Amino acid sequence: MKTEYLADETGSVITNIPYENYICPCITPDEYIIPEIAESKSGEENSLAINNAVDAFLPDGGCVYIPKGEYKVSTIVLKSNTTLFISKDAVLISLDCEENRISAAPLHGGVITAENAENIAITGGGTIIGLGKTYTDEPETEQPLYALRSFNTYQRVIEARKRIRFGKQGISRCSLIHLENCFNADINNIVLKESAGWTLVINGGFDHRLHNLVIDNHIHVANTDGIDLLNCKSVTVHKCFIATADDGIVLKPRESDIADIQVSDCEICSCANCFKIGTETAYDVKAVSVKKCRFFMPDNMTYGYSGIAIESADGSNISDVKIDDIKMNGISSPILIWLGKRLRYGNANIGSIQNIVISNVVANNTELPSAITGCTADGKYYQPKDIKLQNIQVTYRNTGESLNVKLPVLEWSMSDYPDIVRINHRYIKDHIHSEYFDLPCYGLFIRYADADYSGYQCTPRACSTPPFDYVISEN
């Protein structure tokens, strides 16, 4: 079964994104400044003009209006109480890689940035383009990766990696929007296209609203997360369409706690994880809600890791997460809950995952089991606790399968970066020489975890032979 979303001939971009469902008409403000920008000017000149207009409002703030046209830009810096209104037919186009390399005023942080600012808005119905493809090397192939006739984990991993556009050596890649330690930001009715790095980054602060956005990335440009929420609190993400190569919406508590995150009514296509907590998890995460979302891959293509990933790798205590009413199609594995002991950032203590409720999920055309796993250290068991999976309906893509199950599943084989397609593997030199093993079940793999999965139902491939679940306890 295909989704209604179609990709181009290379499988790199979605060609029929319903912009009209997400981008609403915006009322032009009564008062504004139009900066002295022109389609004939350089990116540095246009950014200088926009930044001068922003500064002209200091200290009280105001609205900078971008009229119809396509304008090259370098970095635009917003200040407190400022609105950047990018009108419907206006396009801000980032410096490409070569332009940025030789520029006297190159991009820094993002195309649009703000730091220690409050009461800022980016809106208007217009578009920001990052030209991210120019910052990457050519992949081994640009042919779409469709579902394998006979699923094989190793082949899937290697074929997917052949299509990744990795960043050029020594070249920094910026976000399209990057807010640092800001408060009360409202980003709405904007199209973000072709990011070179993480697309929209909120790092620190609180009371942010992200809504009615379209993120339309090249889905093979590496490290292009859709929305990154770092070290922040009280953030609402509502009615966003996200198509990207890396994680769709991701929470990363690297420098402080994350709390009170609300995600709803989003459609996400990701070649990694659609919604993810982790993997950079030095501080705690609590009070997270995700509801009424749809995760998909277009055109019967096969990529990615999980629809829902909750990962504590570096000491984070993750609690009070509720995920409800999720539809998935073509997502490799529905759920990954992973408590690990990577312990970067100087942390010495393994964290925790508890009070997680995932309910009312329908996942079609999956290819791998879900997994809930803890770990051991110094003779102790660390397990996710109070995990509830309620009314989960999973159906595999009905292909053949060529499995390579390795038993027993050893502790070391699941201690690296917790991508579901690599959760049982041996890394040797590079991915080509590595070994990838299938988990010994088709439904749920559970290791060292306190989980109620009585509501998890799964229909395997017609030819499948492994059991539904495989449980490793601490006894």
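What follows is a dialogue on how to read some features of the structure above.

Me: What kind of model is this, and how are its residues numbered?

Reply: This is a predicted model, in which local features need pLDDT of at least 70 and side-chain atom pairs count only at pLDDT 80 or more, while totals for chains, interfaces and linings use all residues. Residues are numbered from 1 along each chain as its sequence is written, and side-chain values use heavy atoms, with hydrogens and water left out.

Me: How many helices and strands does the protein have?

Reply: Helices (H or I, at least four residues) and strands (E, at least two) are DSSP runs, numbered from the N terminus. Here the protein has 3 helices and 33 strands. The radius of gyration is taken over C-alpha atoms, and the globule rule is 2.2 Å times the number of residues to the power 0.38. For 475 residues that rule gives 23 Å, and the protein's radius of gyration of 22 Å is close to this, so the protein is as compact as a globular protein of that length. Along the principal axes, its C-alpha atoms fill a box of roughly 70 × 45 × 40 Å.

Me: What percentage of the residues is buried?

Reply: Buried means under 20% relative accessible area, exposed means over 50%, and partly exposed lies in between, with a 1.4 Å probe and protein chains only. By that cut-off, 58% of the 475 residues in the protein are buried.

Me: What span should helix H1 have?

Reply: The expected span of a helix is 1.5 Å times one less than its number of residues. Helix H1 covers residues 43-56, and its 14 residues should span 20 Å, which agrees with the 20 Å between its end C-alpha atoms.

Me: Which residues of H1 are buried, and what covers them?

Reply: An α-helix has 3.6 residues a turn, so residues three or four places apart point the same way. In H1 the buried residues are Gly43, Asn46, Ser47, Ala49, Ile50, Asn51, Ala53 and Val54. Their cover includes strand E1 (62-66), strand E2 (69-73), strand E3 (76-78) and strand E4 (82-86).

Me: Where is Val64, and what does Val64 touch?

Reply: Val64 lies in strand E1 and is buried, with a relative accessible area of 0%. Contact means heavy atoms within 4.5 Å. Leaving aside residues up to four places away in sequence, Val64 touches several residues, among them Ile50, Ala53 and Val54, which are also listed as buried in H1. Val64 and Thr82 are 18 residues apart in sequence, and their C-alpha atoms are 7.6 Å apart in space.

Me: Is Ala462 buried or exposed?

Reply: Ala462 is exposed, with a relative accessible area of 69%, and its place is in the loop between strand E32 (456-459) and strand E33 (469-472).

Me: Which strands pair with E15?

Reply: Two strands pair if DSSP finds at least two bridges between them. Strand E15 (residues 258-264) is joined to strand E13 (residues 233-244) by 5 bridges, and the two run parallel. E15 also pairs in the parallel sense with strand E18 (residues 285-296), over 6 bridges. In the latter pairing, Ala259 stands opposite Lys286 in E18. Strand E15 is mostly covered, since 5 of its 7 residues are buried.
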